[in-house]
Amino acid sequence: MNEQNRNYPEGSAFYSELRKRYLTATIWQTLFLSALVIAVVSLTALIYNVLDGAFGYVAFEYKNDPAEFTPTPIHELTKEELLVILKEGLSSGAYNKLDNEQKMEKRSQSELYILFLERLLQIDTKATWSMTDSLTRGDEIRAEVAEKYPDAELEFRSWLTPQFLTTPMSSKAEFAGVRTAVLGSLWLVGIAILFALPVGVGAAVYLQEYAPKNWLTNIIQTNINNLAGVPSIVYGMLGLAVFVRLLETLTSGAAFGVTDSNGRTVLSAGLTMGILVLPLMIINAQEAIKAVPDSLRQAAFGVGATRWQTVWYHVLPNALPGIMTGSILAISRTLGETAPLIVVGASTFISLDPDSPFSKFTALPIQIYQWTTRPQAEFHAIAASAIIVLLVLLLSLNATAILLRNRFQRRW
Amino acid sequence: MENINYAIETNDLSIHYGSFTAVKGVNMKVERQKITAIIGPSGCGKSTLLRAFNRMNDFVPGCHVTGKLLLDNQNLYGKDVDPVEVRRKIGMVFQKPNPFPKSIYENIAWGARINGFKGKMDELVEQSLRSAALWDEVKDKLQQSAYALSGGQQQRLCIARTIAIQPEIILMDEPASALDPISTLRIEELMQELKKNYTIIIVTHNMQQAARASDYTAMMMIDDQRAGGVIEFDDTKTIFTRPGDKRTEDYVTGRFG
């Protein structure tokens, strides 16, 4: 054994040392595992909590007895029968009003059925139960309903139905839907991305490829990084001041001949969201551009390319997957943000689809917030359903962006 | 009339990074259609000097050049000279093969296209690949990824790409240092072919390569201010057999460096 070796443990000392090293490793590994478990449990709890609210027993009564209108069981009514019933049951003024909104003959059976429930039978929800309660204490619930609401029917219901997606808002939870909110959210995402993607990528290209490295660039860079952390409500204030008030002629569409609106349009909100996600877009695009290897730029310059040709043909195509990742984050942020929309003036109740950038609008988070603040339990149930819709929408938009990214990510 | 033999001349050329002088006072006359090697220990400024020849150092923040670099009696660092034009005339092959992440065909066609090439692209691609001794290996897979080629093939593709824009001078920055001995040999053979039409300046760490392949050799060394300079420039034979400078002799005989 040579002299130097004595500085290291040998034999049993080595093994005891090794055991200590493994022990430390095990402790840390366990800590990391627990962190993962905590994360998984929290997310599972979140999803369970949402699902728990969206499904369950409902006790309801009809204010008017179905037998007064028809002898057939109401679930079996055909479109023609429903038309007759509605025509007889409703006052002619009410019927004509509905007919003017959309021809009664052209409405589907399910639409007419909902009208029948809403206008004639006047469904009245007495109580709702969560999914857990419904599954575990079914007998108790049945006994309770029989005692408290002898006339009521008890039904296990999914509040999330196809009608929920396709109907606009209503003051009755049973007939309310998220159609206007989903469309509003899609408009927001569209406008925000249309604004933030080109502006963000442009700014990133300039900062990365053209801007000289001096104090001014440093200040701008630092501020962009800081802006990414500014509370969203502040962006809401900005949107209110700039888009809603200052640029009202543009954002209300007055400059384009739209007369019946003010600055609180989906355009104002979308642009506010665009500014909100802009720092995120810039930082992501910068990172993506930075990740393009310098050897590629040199190769292009080496064959006599100008900087613009280098950026356009080589840097941007290679940075595109990273830029798409930034867009995915921006989409998620836009879908989820609530505070700026409240400030910019999202409507809490509209039943008309937003059909132009100058429409009044609402968005899913606003709708969810609105419903959860209602005292009636059935509104909490539809809020839970709306959350599911929001999550699915988020996942599908992100999935689309990821698919697009993978298409661009064609590796040579 | 003496100038006509020289492709490029430097006149007291110095390269600075901010206040630090990396390469100092280089005076070199590079002969046309010859291979000139630049050798020297690591960090002596060989690559910096080579990159100064086609203004690739322009992209390094804080880097500036003093003195003159003359191509056809025109100072390439003159105010009215566009660096893009310089790089069009003086092509470059880099240390690590860096083909574009595109097809083999497109690797050659792109440079031609952005420079406004008006001839028949297919012919240019074939001719360039033939000149780079790569045609027979890739002629059936021109639309395949350049990344599917071996390192040596990629480097020859990079040479073909450079030839395609028909430069006057080709700079090579240790073009074989990332390659195996067989690929290295092929690159050296290729250089001998290319010098019939082009002037080649090559930076190399490999003494045998310089001795085997080059006609002239410039020996670079740093001084006590850490600034590199050409201490000896002569035909390769002289440098390797009867060097005038003791430091060159020590270096080429492997006594240091």
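1. A word on conventions. In this predicted model, local features need pLDDT of at least 70 and side-chain atom pairs count only at pLDDT 80 or more, while totals for chains, interfaces and linings use all residues. Residues are numbered from 1 along each chain as its sequence is written, chains are lettered from A in the order in which they are written, and side-chain values use heavy atoms, with hydrogens and water left out.

2. Take a look at H8(A) (residues 179–210) and H17(A) (residues 377–408): their axes come within 12 Å and cross at roughly 35°. Axes here are lines fitted to C-alpha atoms over the stretch in contact, with angles from 0 to 180 degrees between N-to-C directions; helices are DSSP runs of H or I with at least four residues, and strands are runs of E with at least two. The crossing is right-handed, meaning that the near helix is turned clockwise from the far one by less than a right angle.

3. On the H8(A) side, Val182(A), Ser185(A), Leu186(A) and Val189(A) meet Val389(A), Leu393(A) and Leu397(A) of H17(A) (contact: heavy atoms within 4.5 Å). These residues divide into six nonpolar, one polar and no charged.

4. Between the chains, 17 residues of chain A are in contact with 25 residues of chain B. The buried area is about 1,800 Å², with 68% given by carbon and sulfur atoms (accessible area lost by the two parts on being put together, 1.4 Å probe, summed over both). Helices H13 (294–302) and H14 (307–336) of chain A each give two or more residues to the side that touches chain B, and H13(A) gives the most, with seven residues. That side of chain A divides into eight nonpolar, eight polar and one charged.

5. How many salt bridges are there between chain A and chain B? The count is zero, although over all chains it comes to 28 (a side-chain nitrogen of Lys or Arg within 4 Å of a carboxyl oxygen of Asp or Glu).

6. Within chain B, Asp72(B) and Arg32(B) form a salt bridge at 3.2 Å, N to O. This pair links distant parts of the chain, 40 residues apart: Asp72(B) lies in the loop between strands E4 (63–71) and E5 (74–75), and Arg32(B) in the loop between strands E2 (20–31) and E3 (35–39).

Notes. Ala, Val, Leu, Ile, Met, Phe, Trp, Tyr, Cys and Pro count as nonpolar, Asp, Glu, Lys and Arg as charged, and the others, Gly among them, as polar.
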